[in-house]
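I opened my notebook to record what I looked up in this structure. The entries run from the whole chain down to single residues.

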Amino acid sequence: MDRATFACSTAFFRDYSSSSQGAFCLPGGHVDFIEKVESFTYSDFFRDYLIPNHPCIFSAKFTEDWGSRRNWVTWDGKPNFDHLLQKFGEAVVPVANCDVKEYNSNPKEQLPFKEYVKYWKEYIKNDYRSSRGCLYLKDWHLSRAFPEQDVYTTPVYFSSDWLNEYWDAIAVDDYRFVYMGPKGSWTPFHADVFRSYSWSANICGRKKWLLSPAGQEEYLKDRHGNLPFDVTAPSLQDRSVYPRYNQSQPPVEIVQEAGEIVFIPSGWHHQVYNLEDTISINHNWVNGCNVAIMWCFLQDELAAVQREINEWKDPMDDWHLQCQLIMKSCTGIDYKEFYNFLKVIAENRISVLENGLDDEALAKNTPKAAISTLGMLHAVFDLKRTVKVLTSLSANEDFKKLDLTSLSPPPEALLHHLKAAIDTALL
């Protein structure tokens, strides 16, 4: 995290300052391992990992009742290709080529799942070699495509998930993914969308993670300000290309076993390798603990776009709108949609605080049921964090230059409603 982002997020987190000191470093690279389900509460996770932005690993006990752990894996811990083909053979899936670099990522293509499994089997038989390269099935929205399948249940620790709550509400997208790949497949150095949190559970296989705490990426940029594709490349030792590399800390290394879940903090860059044939479930998510970081990230992204097209500012009548359009094409969201994102999250919590839920509603897997499960104080916490970010957004000069007449309710009215709901809940 750069200094501006750190300062911005720290201001929002100051009510938790006693628990977040040193939040962006890990002494000796230590990562906590959470062993027992019954002795680890949501409050523990919230206090020790979400607020201070620390990684941790959950043991395989947290996933042992998942359908995918029972059915997607053979007796010897390998992917159960026969079962997967029976359930998903006709699906079309996104596949990346790990052996090709294209604009600092791996190029993707769409393949029938049965064709990918055929490739994977042949790749194993040929001692993990193929003229097609090392292909990695990534970012498959399996849960959205096959909602009836018994795959997994989101652990309560990750249930305050504003990203998926919002994108489910507008029925456009989601940030729930399945990854499948052979030994040797990998993901280049990156930070997650919107600088979100992520969690990743291995259904089978093993992964190696290289984690850089937020802020460390600044030392890994080349002289043009670009991050490396591969953080292990020997070229990083060349000071004429990477002038600050010698100031960086070594990455935190994690080896994740089958069944385990890794929690990746907000803004932490990482690079990931499959040490065996591996299947994993991954979510990205934002909540009240890191929404300020998301907002700071969006401000940084807009500033970068404005610098890039600054020469067109005077001759272009709708320059500010064009900057928003470019930012949305790059990041997936602009300032007006960010307002709507905050509105949906806020209104769901206000509804629970004002109306509660009956037993039938609580039994259903809905965002409002999740809010109620975490408790009314958590809903108030969410609203307080939303107020802070929404206040900052409303005062932002780039936001005020947009046509805001389409926003309903107007920002001032939403803020008033939010504050009134908080006051009422705290009476």
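**Entry 1: the whole chain**

I looked up burial and noted that 52% of the 427 residues of the protein chain count as buried, where buried means under 20% relative accessible area, exposed over 50%, and partly exposed in between, with a 1.4 Å probe and protein chains only. This is a predicted model, in which local features need pLDDT of at least 70, side-chain atom pairs count only at pLDDT 80 or more, and totals for chains, interfaces and linings use all residues. Residues are numbered from 1 along each chain as its sequence is written, and side-chain values use heavy atoms, with hydrogens and water left out.

I noted 16 helices and 13 strands in the protein chain; helices (H or I, at least four residues) and strands (E, at least two) are DSSP runs, numbered from the N terminus. Along the principal axes, the C-alpha atoms of the protein chain fill a box of roughly 65 × 60 × 45 Å. The radius of gyration of the protein chain is 22 Å, which agrees with the value near 22 Å for a compact globule of 427 residues. That radius is taken over C-alpha atoms, and the globule rule is 2.2 Å times the number of residues to the power 0.38.

I also looked up contacts, meaning heavy atoms within 4.5 Å. Of the contacts in the protein chain with a separation of 6 or more, 79% are between residues 24 or more positions apart.

**Entry 2: the sheets**

I traced an open sheet of nine strands in the order E1-E2-E11-E8-E13-E6-E5-E3-E4, with mixed pairing. Two strands pair if DSSP finds at least two bridges between them. The edge strands are E1 (32-34) and E4 (108-112), each pairing on one side only. Neighbouring strands of this sheet are turned by 25 degrees against each other on average, direction ignored. Inside the order, E8 (residues 197-204) and E11 (residues 261-264) pair in the antiparallel sense over four bridges, and Ser200 stands opposite Val262 in E11.

I then traced an open sheet of four strands, ordered E7-E12-E9-E10, with antiparallel pairing. Which strands stand at the edges? They are E7 (186-190) and E10 (252-256), each with a single partner strand, so one side of each is left without a neighbour in the sheet. The twist averages 15 degrees from one strand to the next. E7 pairs with E12 (residues 269-274) in the antiparallel sense over three bridges, and Trp186 stands opposite Tyr273 in E12.

**Entry 3: two helices**

I looked up helix H9 (residues 291-308) and helix H11 (residues 335-355), whose axes come within 11 Å and cross at roughly 170 degrees. Axes are lines fitted to C-alpha atoms, for helices over the stretch in contact, and angles run from 0 to 180 degrees between N-to-C directions. H9 and H11 are therefore roughly antiparallel to each other, a label for angles over 145 degrees. The residues in the contact include Trp295 and Leu298 of H9 and Phe338 and Phe341 of H11.

**Entry 4: Pro367 and H13**

Pro367 lies in helix H13 (residues 367-374). Is Pro367 buried or partly exposed? I noted it as partly exposed, with a relative accessible area of 36%. Not counting residues up to four places away in sequence, Pro367 touches Glu165 and Asn348. Pro367 and Tyr166 are 201 residues apart in sequence and 9.3 Å apart in space, C-alpha to C-alpha.

The buried residues of H13 are Ala369, Ile371, Ser372 and Leu374. Gly375 follows H13 and has a positive phi, near 105 degrees.

Methods
Angles under 35 degrees count as roughly parallel, over 145 as roughly antiparallel, 65 to 115 as roughly perpendicular and the rest as oblique.
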